[in-house]
Amino acid sequence: MEKVSLTQFTENSLKGIWQQGFSADQPEWTKFNAPYFNDYQKFSDFESFKDSTIAKFLLSEDCRCIIVNKQPIGMVSKDWIDEQTRWLEIGIVIYDLSKWSGGYGTTALRIWINHIFQNTDKLEHIGLTTWSGNPSMMRVAEKLGFQKEAQIRKVRYYNGKYYDSMKYGILRDEWENVCKN
């Protein structure tokens, strides 16, 4: 597998992500990244994307660009559900369809989780929420040592069918044990 790294977004990487993920009518990634929210927006040109709230989020400290062979393929993110009580969740999107199922997402999340635990004092838990319509994401969570902490049944209605919300988490000491092995 090619080398995977995480970097701050730049204008060039933002342009690559716009081309892969936000310039088509219904890109494939939108079918798995919480499609029940129906909030995808296409941008017909890079300038309008660059001025969007999506681009501002990608450029924030809460995101990193996933780079493979010097090319942007996706993003990882973190989001405080409640910073005061130290409840943090992470996310990932691989926009480049040719990089699906190649281990890139697992590797990127491993780097991201290490970074978060190393740079966030007194954080004991990292969460990851997906849905039962995304079995690949559930496998990635389990492969990384996350435990299924909750399955909220039939709360995601999409294309005429109900799906479950799947909540995973890992504790700092569990992560340290995963990294030793």
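Student: In which sense do β5 and strand β7 (residues 161–171) pair, and over how many bridges?

Tutor: They run antiparallel, and seven bridges link them. Two strands pair if DSSP finds at least two bridges between them, so seven bridges pass the test. One facing couple is G127 with G169 of β7. Keep in mind that this is a predicted model, where local features need pLDDT of at least 70 and side-chain atom pairs count only at pLDDT 80 or more, while totals for chains, interfaces and linings use all residues. Residues are numbered from 1 along each chain as its sequence is written, and side-chain values use heavy atoms, with hydrogens and water left out.

Student: What makes strand β4 (residues 87–94) and β5 a pair?

Tutor: Three bridges join them, and they run parallel. The cut-off is at least two bridges, so this counts as pairing too. As an example, L88 has I126 in β5 as its bridge partner. By the way, strands are DSSP runs of E with at least two residues, and helices are runs of H or I with at least four, numbered from the N terminus.

Student: Why is β5 described as largely enclosed?

Tutor: Five of its seven residues (125–131) are buried, so the rest of the structure largely encloses it. Buried means under 20% relative accessible area, exposed means over 50%, and partly exposed is in between (1.4 Å probe, protein chains only). β4 is mostly covered as well, with seven of its eight residues buried.

Student: How do you know whether T106 is buried or exposed?

Tutor: Its relative accessible area is 7%, which is under 20%, so T106 is buried. T106 sits in helix α4. Setting aside neighbours within four places in sequence, it is in contact (heavy atoms within 4.5 Å) with V140, K143 and L144.

Student: And what about S101: buried or exposed?

Tutor: S101 comes out at 79%, which is over 50%, so it is exposed. You'll find S101 in the loop between β4 and α4.

Student: Why is the span of α4 called close to the one expected?

Tutor: The expected span is 1.5 Å times one less than the number of residues. For the 16 residues of α4 that gives 22 Å, and the distance from its first C-alpha to its last is 22 Å. Its buried residues include L109, W112 and I113.

Student: Which elements make a right-handed β-α-β unit?

Tutor: β4, helix α4 (residues 104–119) and β5. Point the strands away from you: if the path from the first strand over the helix to the second runs clockwise, the crossover is right-handed.

Student: What makes β1 (4–7) and β6 (147–158) the edge strands of the sheet?

Tutor: Start with the order, which is β1-β2-β3-β4-β5-β7-β6 in an open sheet of seven strands with mixed pairing. β1 and β6 each pair on one side only, and they are the edges. From one strand to the next, the twist averages 25 degrees. Inside the sheet, strand β3 (residues 71–82) pairs with β4 in the antiparallel sense over eight bridges. There, M75 faces V93 of β4.

Student: At about how many degrees does helix α6 (residues 172–180) run to β7?

Tutor: About 80 degrees, as α6 lies across β6 and β7. Axes are lines fitted to C-alpha atoms, for helices over the stretch in contact, and angles go from 0 to 180 degrees between N-to-C directions.

Student: What makes a set of residues a nonpolar core?

Tutor: The members are buried Ala, Val, Leu, Ile, Met, Phe, Trp, Tyr and Cys residues, joined through side-chain atoms within 4.5 Å. The largest one here has 30 residues, and I66, I90, L109, I113, I126 and F146 have the most contacts inside it. The largest share, seven residues, comes from α4. Not counting residues up to four places away in sequence, I126 touches, among others, L88, I113, F146 and Y168. There is also a second, separate core of 18 residues, including F22, C65, I67 and V93.
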